[in-house]
Amino acid sequence: MTLHGTATKAMLLRVGHYRRRLAAARFPGVVVLCYHAVRPDAAPAGSYPFEQLHVRASELAAHCELIAGCCTPISLPALRHAVAHGSPLPARPVLFTFDDGYRSVATLAAPILERHGVPAAFFVCSGSIAGRRLLWYDAMARRGAEADVDRVKRAPFEEWQRADAGSLTPVDDDDPLAPMTPGDLRSLAVRPLFEIGAHTVSHPILARAGVADQREQIVDCVRALERWTGRPVTSFAYPNGQPGVDYSPDTIAVVREAGIDIAFSTRTGFAGRGAAALEQPRFMMLAGISQSELAHRLAYSWRRLADAQTPTAIERGA
Ligand SMILES: [Zn+2]
């Protein structure tokens, strides 16, 4: 984006343009935002691996303020009910989700969400929580091998298993990359705005694994989260999340067998009844998205994208 574009968007936000445009809009589905972790504003730039995945606390607060003011934050149960039963949703529904189970989501994001009355769903990996260790890609990055992560993701499952087993890195609870504790999970699960969902035991690329390994990764995660939270776990997010690349039709079958009734990919698009219950699309949220940039995406970019994806008459069989 050009500097000019950034300045123009900030001006359009300041003069109330986006607010007025959004007030008259009806979204073609639910905007599900996909975050990962949150970092304190004071954290120096360059101190996190995959830093774009750690949005600043002030950025998240600005997103919450915009959406609570111009759209309607909804809960995962509301989306689930709409997908299963067609129950009506507000004109501009937005659901916040956070993948991976970083502790910063419990310590930094949850208070911001609650202050703005914004519901959220947290999709959590159980292995790093149980073992008090870094997720495998953060462990590789901390060893200076960040550049190898993409290659390992694309490698055969056995090679990923060896890399995962070879990168077991214990982590303190106050480390910025620490996973949630079982206590954090319990505390989030009892709060009315929040739901805990599964994200596998240790974040493999499921499409690379055989069905038995996929089942173990999915079912063991669900059971561990249920044990820690004392609640049924019936939602899921696919690690990495690209359909056909990171998960397969076999994965979807295993997810269904595990008792999951709603699952999320990282395909870009609007969620809701227009998508399969076990393949709900989302919009990726990275560090550096200002309030005006998010307003622009909500008012223009994402909806243009949805228009472009509307099936033609031929595709609809008309
Ligand atoms: Zn993930």
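Two residues are taken to be in contact when they have heavy atoms within 4.5 Å, and helices (H or I, at least four residues) and strands (E, at least two) are DSSP runs numbered from the N terminus. The model is predicted, so local features need pLDDT of at least 70 and side-chain atom pairs count only at pLDDT 80 or more, while totals for chains, interfaces and linings use all residues. Residues are numbered from 1 along each chain as its sequence is written, and side-chain values use heavy atoms, with hydrogens and water left out.

The axes of α11 (residues 211–229) and α12 (residues 249–257) come within 10 Å and cross at roughly 45 degrees, which makes α11 oblique to α12. Axes are lines fitted to C-alpha atoms, for helices over the stretch in contact, and angles run from 0 to 180 degrees between N-to-C directions. Angles under 35 degrees count as roughly parallel, over 145 as roughly antiparallel, 65 to 115 as roughly perpendicular and the rest as oblique. The crossing of α11 past α12 is right-handed, meaning that the near helix is turned clockwise from the far one by less than a right angle.

Helix α11 also packs against α10 (residues 182–189), at an angle of about 75 degrees and with the axes 8 Å apart. The two helices, α10 and α11, are therefore roughly perpendicular to each other. From α10, P182, L185, R186 and A189 meet L225, W228 and T229 of α11, a contact with 5 nonpolar, 1 polar and 1 charged residues.

Turning to another pair, α3 (residues 57–70) and α5 (residues 103–115) have axes 10 Å apart and pack at an angle of about 25 degrees. Helices α3 and α5 are therefore roughly parallel to each other, and α3 passes α5 in a right-handed crossing. Here A57, L60, A61 and C64 of α3 meet A109, I112 and L113 of α5. This contact has 7 nonpolar residues, with no polar and no charged ones.

Grid points are joined across faces, edges and corners, and a volume is the space filled by probe spheres set on the points. The largest pocket holds about 450 Å³ of space. Of its 23 lining residues, H36, L53, K153, N240 and M284 lie nearest the centre. Two or more lining residues come from each of β5 (93–100), α8 (149–154), β9 (262–268) and β10 (280–284). The pocket lining has 9 nonpolar, 8 polar and 6 charged residues.

There are 3 cavities of 30 Å³ or more in the structure. The largest cavity holds about 40 Å³ of space and is lined by C125, S128, R133, L134, L135, W136, D164, V201 and S202. Its lining divides into 5 nonpolar, 2 polar and 2 charged residues. For the second largest cavity the volume is about 40 Å³, and the lining consists of V152, K153, A155, F157, W160, P204, I205 and R208.

Technical notes:
On a 1 Å grid over the protein atoms alone, a cavity is a set of points where a 1.4 Å probe fits but cannot get out, and a pocket is an open set with protein on both sides within 12 Å along at least five of seven lines; lining residues have an atom within 4 Å of a point. Ala, Val, Leu, Ile, Met, Phe, Trp, Tyr, Cys and Pro count as nonpolar, Asp, Glu, Lys and Arg as charged, and the others, Gly among them, as polar.
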